[in-house]
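Hi there,

Here is the structure I promised to pass on to you. Please open it first, and then read my notes on it below.

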Amino acid sequence: MKLRYSIRARLLGHIGLLLLVVLAGFGYVAWHRESAARIAEIDRELEKRLNLLIGAYRPEAGQRLREVSQPHLSPRTLELFANEGGDPFYYWVWLGEGLVQGHSNDAPETPMPAQRDKGRSFRMRGDFRELIHVAPSGRCFLVGRDIRSERAAMRADAASLAAFGLGVLLLGLGLAWWIASRVTRPLAKVSRTAKQIADGDLSRRIDVPKPEDELGEVSNVLNETFARLETAFARQKQFTADASHELRTPVSLILTHAQGALLREQTPAEYREALADCVRAAQRMKTLIDSLLDLARFDAGVEPIQRQPCDLAGLARDCANLVRPLTEAKRLRLDLDLRAAPCHGDSARLSQVITNLLANAIHFTPDSGTIALRTNQDGGGACLSVSDTGPGIAPDQLSRVFERFHRADASRARAASGGTGLGLAICDAIVKAHGGTITVESEIAKGTIFTVHLPPATEPSRFPRSQQ
Amino acid sequence: MRLLIIEDEADMLRRLATILRAEGYAVDTAEDGEEGLYKAQENDYDAVLLDAMLPKFDGWELLARLRKTKKTPVLMLTARDASADRVRGLDCGADDYVVKPFDLPELLARVRALIRRGAAIAITRMDFGEVVLDTAQRCVWRKGEVVALQPSEYALLEYLALHRGEVVTRTTLYKHLFDENEDTLSNLLDVRVSNLRRKLGQDFIITRRGHGYGIGIEP
């Protein structure tokens with residue numbers, strides 16, 4: 001509700017202001033023109049009368065100016081100045097020195113104009129409009145008109161214009177309110193839906209009837225965000241469920257070992273054995289927890305990757321030496337084809353990846369099989385592959401091997417790496433943090449090959465904040 | 001009593017077997033669904049402890065196949081504790097369902113209950129006149145005094161007691177008191193019988209020549 005009102009109110013305010021300015025502008029202009037026309041009309045009348053007046057007061061041949069005491073005012077002229085009919089015109093005539101030479105009947109008291117420039121000029125004096133003529137002789141003619149009624153008429157005009165303008169303004173505002181409502185209603189609807197989704201059900205989406213307009217764009221962005229949130233929460237939930245499930249096993253072991261030892265009197269050797277078993281189980285838990293924390297750090301984007309120049313070939317050679325006892329135990333052949341593969345990365349983490357892949361290969365390859373470890377340059381970057389002659393991975397499982405806690409078969413795998421089910425997920429996280437890719441190909445009963453590609457060294461890139 | 005534990009976690013399997021053997025049970029083991037099913041079908045166990053997640057085929061699958069031929073009491077042991085998993089386990093034919101991590105004394109009590117149920121005995125205390133046996137406490141009294149028995153001796157006594165009034169053949173006793181690792185040609189059984197007779201009275205266990213042993217049967 002609040003949203004609608006504030007946008008509507010603002011819209012209304014602006015439109016109202018606009019309408020007000022436009023209407024006021026037009027209204028004023030209209031009124032002014034009308035008033036000017038009226039005044040012009042009056043001025044014309046004043047001119048007409050002045051001319052007649054001047055004519056009437058022209059001295060006869062041989063007559064002196066001051067001697068014109070009886071102006072030759074024709075009846076018609078007189079009519080023009082007669083006050084009985086309510087005719088508001090009047091006149092005054094002064095001689096140069098200030099003596100009044102004549103004036104109309106009932107003319108209002110008018111002092112002689114102080115300004116005595118030769119020629120004609122109009123002026124307003126209170127409620128009177130006056131035309132003044134100063135003759136070359138110094139004689140001053142003044143024709144005036146009471147314009148009170150004109151003024152009243154102009155005020156009435158203004159009033160009616162204002163009233164009309166107000167009416168239009170109100171109408172306009174009403175219309176604007178209606179239009180604003182129509183615009184804000186879908187906005188409010190989107191806002192309501194978004195709030196509901198955010199509060200509760202993240203699987204719902206906002207309706208987007210018009211994806212092209214601004215509201216549609218915002219709605220689409222919101223929907224996308226909700227989808228990402230939904231995925232993130234689902235993954236988190238799954239991860240938590242998986243993690244707590246995985247932890248049950250070692251906890252159960254510790255409990256059973258310890259409770260078993262406490263059931264009845266044991267020999268010291270038996271106690272020691274039970275304690276050793278507890279330690280082993282606790283170490284399994286530790287490995288699992290460490291792996292989980294690692295992954296969590298990668299997820300949150302806070303795991304620092306030290307980028308330094310290194311060579312995958314060297315790292316691979318070291319890892320191969322590390323796992324040699326394991327390969328010998330299973331009489332596995334370890335083929336090494338290690339060409340120089342310089343790259344820019346975290347050698348400890350990359351070694352972790354290589355060791356993990358090797359350990360998996362060793363674990364899944366039956367006795368007397370072959371494991372091949374290759375490194376090479378790859379278009380400016382580096383690549384590494386680990387292949388085995390193990391049972392292979394089924395096609396439907398292939399896309400899921402890098403998932404957390406995914407295992408080849410549903411039971412717990414007793415992998416040499418501790419069987420956490422997180423090994424490949426961690427490899428994936430490390431490789432991605434380097435901007436690289438890790439892929440797998442496999443054929444049932446033939447074997448599997450994991451390939452890691454690292455990009456060419458560019459300037460240190462920021463650790464990606466989110467994993468897709 | 002002879003038990004079968006089917007569990008793919010080697011540490012857990014070893015430990016449970018040790019604990020149960022210390023309790024006087026004969027214990028066979030299996031590490032995957034295939035081996036477990038084979039043994040469960042081949043032998044008559046008094047109870048089977050079955051893990052749900054096994055290689056080759058899982059616990060539910062094993063149960064379904066086992067139930068076609070055998071009514072052996074089965075206790076499912078698993079880390080999966082969602083209600084749906086419990087329901088599935090019980091509906092597939094499990095007699096009990098215990099979630100890991102479990103409390104060991106509780107697990108042992110449930111195993112005892114399973115065996116009792118299998119032997120169709122509801123009560124835990126058995127009175128044989130002078131001798132009183134409590135299968136819950138795994139204790140024996142003679143004339144009110146506690147009799148110290150080795151776990152293996154107790155196991156034999158319990159089996160005969162649960163089948164009182166019946167003659168139990170030596171073969172049966174061997175099947176139920178010794179696991180596959182024991183040499184059945186040994187005379188361990190006779191040794192145990194004579195020990196029991198020494199502790200509980202010569203007439204307590206009757207020998208039926210050519211047939212076997214029994215409690216509460218006519219000589």
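**Salt bridges within and between chains**

In this predicted model, Arg49(A) and Glu45(A) form a salt bridge, with their closest N and O atoms 2.7 Å apart (a salt bridge is a side-chain nitrogen of Lys or Arg within 4 Å of a carboxyl oxygen of Asp or Glu). The two residues are four apart in helix H1 (residues 2-56) of chain A, so about one helical turn separates them. (Helices are DSSP runs of H or I with at least four residues, numbered from the N terminus.) Arg49(A) is buried at 4% relative accessibility, while Glu45(A) is partly exposed at 22%; buried means under 20% relative accessible area, exposed over 50%, and partly exposed in between (1.4 Å probe, protein chains only).

Now to the place where the chains meet. Asp277(A) forms a salt bridge with Arg15(B), at 2.7 Å between the closest N and O atoms. This pair joins two chains, because Asp277(A) lies in helix H5 of chain A and Arg15(B) in helix H1 (residues 10-22) of chain B. Asp277(A) is buried at 3%, and Arg15(B) is buried at 8%. Both belong to a network of salt bridges that also includes Glu273(A) and Arg14(B), a pair with 3.4 Å from N to O. Between chain A and chain B there are six salt bridges.

Two notes on reading this: residues are numbered from 1 along each chain as its sequence is written, and chains are lettered from A in the order in which they are written. Local features need pLDDT of at least 70, side-chain atom pairs count only at pLDDT 80 or more, totals for chains, interfaces and linings use all residues, and side-chain values use heavy atoms, without hydrogens and water.

Happy exploring!
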